[in-house]
Amino acid sequence: MNLALRDIRHKLGRFLLTCAGLGLLLGVALAMVGIYRGVVEEALSLTRALDANLWVVEGGTRGPFAEASRIPGDTREAVARIAGVTAAGSVTFQTVEARVAGSAAASTAGAFRNEAGRERVGAPLRVQIVGYELDRPGGPPALVEGRGIAARREMVLDRGARQPLGAMVEIGGLRFRVVGLTARAVSSGGDPLGWITLADAQELQFRLNAPAARRATASGSQGQPQDSVNAVIARLAPHADPAQITEQLRRWKHLAALSEAEQEEVLTRSVVERARKQLGLFTGILLLVSGVIVALIVYMLTMDKLREIATLKLIGAPDRAIVSLVMQQALLLGAVSFASGAALLLLVKDVFPRRVVLGPEVLLAVAGVVFVICLLASLLGVRAALRIEPAQALGG
Amino acid sequence: MNLVELAGIAKGFGRGEARVQALSDIHLTVAPGEVVGLRGPSGSGKSTLLNVVACILEPDAGVMRLAGETVWEGAWKRRDLRALRREKIGFIFQAHNLLPFLNATDNVALAITLSGVGLSEARQRAAALLDHLQVGRRASAMPALLSGGEAQRVAIARALANQPRIILADEPTAALDSERARVVMELLRRVAREQQAAILVVTHDEKIFDRFDRMVNLRDGRIESETHPGA
């Protein structure tokens, strides 16, 4: 006879209500775990989208994500000539606040003008722009809709920007038409990625420069040359030794090279480290709070049954029957709460502005943690149950 | 052979000046088929005596034999006192103490399963017991839906579940009206007679005093007198 289940059935409404409350808390804890993993996934999304074996960046830096990196535009030719390199492409990165004009037709029909009379368009849209050379490494990953870029002023944008094909996007006074869409391609900050041609990107970099720097560049006296890129990415032949090529590149004093693994390390250990730690700590606190709450609930459930437990002891029930009653209820409480929290989160996770990664392995791992928490939390109830004297069953 | 034999039982609480002697030099026997009442004012030691016989409280001195087995003599003679209670003692409480989440049958069946009987057989035996105590038609009712008299009959059925030789009852009629109280006492007398069990009842309930074979009067932890109300 399973006393735990019978007791739960007897007070089913109260049990389910308790589970609903605890389920919300566990759902939040699970969301934090999902967001934590999402931050890591998003951080690696860009490097994985570009599918580079080697990143050639400015010497003495760990660019272009952890530090600024600027190298001459002709570096690509030099890299491409190295034995073992099958393809190389120049890339630029800049996070911009674009403006959306809606469809191409709407943009042509005219947008509003600001007080200074300058034409402005639609709602702001934060995007990380990748400039790349057509038909060379650095372009967008597989498109889920539309086509690749064929000409200047065209753009491939991630679906996360919530723009349809044909939408017009204004950046730094230049207008781009969205011709293709990617899925889940975001920067380490969670901004959707947009790809444009390298030439457009370099023009944008010049336009978005501070006016003083622009004047200096225009006069040709000082400042950055316009033909500069942030990095060159290279793909290697299967037999090529990345370490040897990296060593070869480092001989050019103005260049540095990072393997794909090193770049991923930079992104996860440096760029999103604080966010990771923050989320990890918060998740830990939430799980701790959940544990304390489970312990209190189990304790209250046990104390509610004080007379019943005393009676069980008096009529000769062994301790294991009483321990099993308390522990089974704690584990059922955890299981039902976790299931309800997980179900709720799976329903709403796509509403979150940043990715929430909840694979089966995450769900299983968190379920395991919840199991251990419930087991430990039930010890408080078990201790209370074992301290109940059978004599408490006697008397009024 | 007496089923309950207490010889020189003493029990005190606390130490030094704060020590309270709850029981002193108690000599008491209960024979098979005998229904014995324990009465006395508050603090006279009734509950302490019941707890000692129930093997919940350990005496300080004396000898205690239950159903022919020496249970305490200087120390407990058995390690597993719960098993002892399961085998030899049935309990009836003032507030019946049925588990609220089990129906009448399962409240009785639970006690049977604790002695190692399978659930289906335990349920059959429980149903038969409830029928015998004329509460079989309420077998599937939850305790909250039983009347006071019905709940006490189910509690008596639970106490009899493992055919104990000794039944200890703590104010079993306190929550019942006169008529139901007399019915419960008749039931206990019948059980004592049929099963040759020894029944020890703590009571304040004057309306049932005449239903006991013997009434033991306690005062200040000592047996003050014994009367034979039924005689």
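Student: How many residues of chain B are in contact with chain A, and how many residues of chain A do they touch?

Tutor: In this predicted model, 24 residues of chain B are in contact with 19 residues of chain A, where contact means that the C-beta atoms of two residues, placed from the backbone, lie within 7 Å. Residues are numbered from 1 along each chain as its sequence is written, while chains are lettered from A and ligands numbered from 1 in the order in which they are written. Local features need pLDDT of at least 70 and side-chain atom pairs count only at pLDDT 80 or more, whereas totals for chains, interfaces and linings use all residues.

Student: What makes strand E6 (89-92) and strand E10 (222-227) of chain B edge strands?

Tutor: Each of them pairs on one side only, in an open sheet of 6 strands with the order E6-E7-E8-E3-E9-E10 and mixed pairing. Two strands pair if DSSP finds at least two bridges between them, and strands E7 and E8 of chain B, which run parallel, are joined by 5 bridges, so they meet that definition. The bridge partner of B:Leu168 is B:Leu200 in E8(B).

Student: Why is H2(A) called oblique to H12(A)?

Tutor: Helix H2 (residues 12-50) and helix H12 (residues 360-387) of chain A pack at an angle of about 135 degrees, with their axes 11 Å apart. That angle makes H2(A) oblique to H12(A), because angles under 35 degrees count as roughly parallel, over 145 as roughly antiparallel, 65 to 115 as roughly perpendicular and the rest as oblique. The axes are lines fitted to C-alpha atoms over the stretch in contact, and angles run from 0 to 180 degrees between N-to-C directions.

Student: Which residues of H2(A) meet H12(A)?

Tutor: A:Leu26, A:Leu30, A:Val33, A:Gly34 and A:Arg37 in H2(A) meet A:Val362, A:Val366 and A:Val370 in H12(A), and by class this contact has 6 nonpolar, 1 polar and 1 charged residues.

Conventions: Helices (H or I, at least four residues) and strands (E, at least two) are DSSP runs, numbered from the N terminus. Ala, Val, Leu, Ile, Met, Phe, Trp, Tyr, Cys and Pro count as nonpolar, Asp, Glu, Lys and Arg as charged, and the others, Gly among them, as polar.
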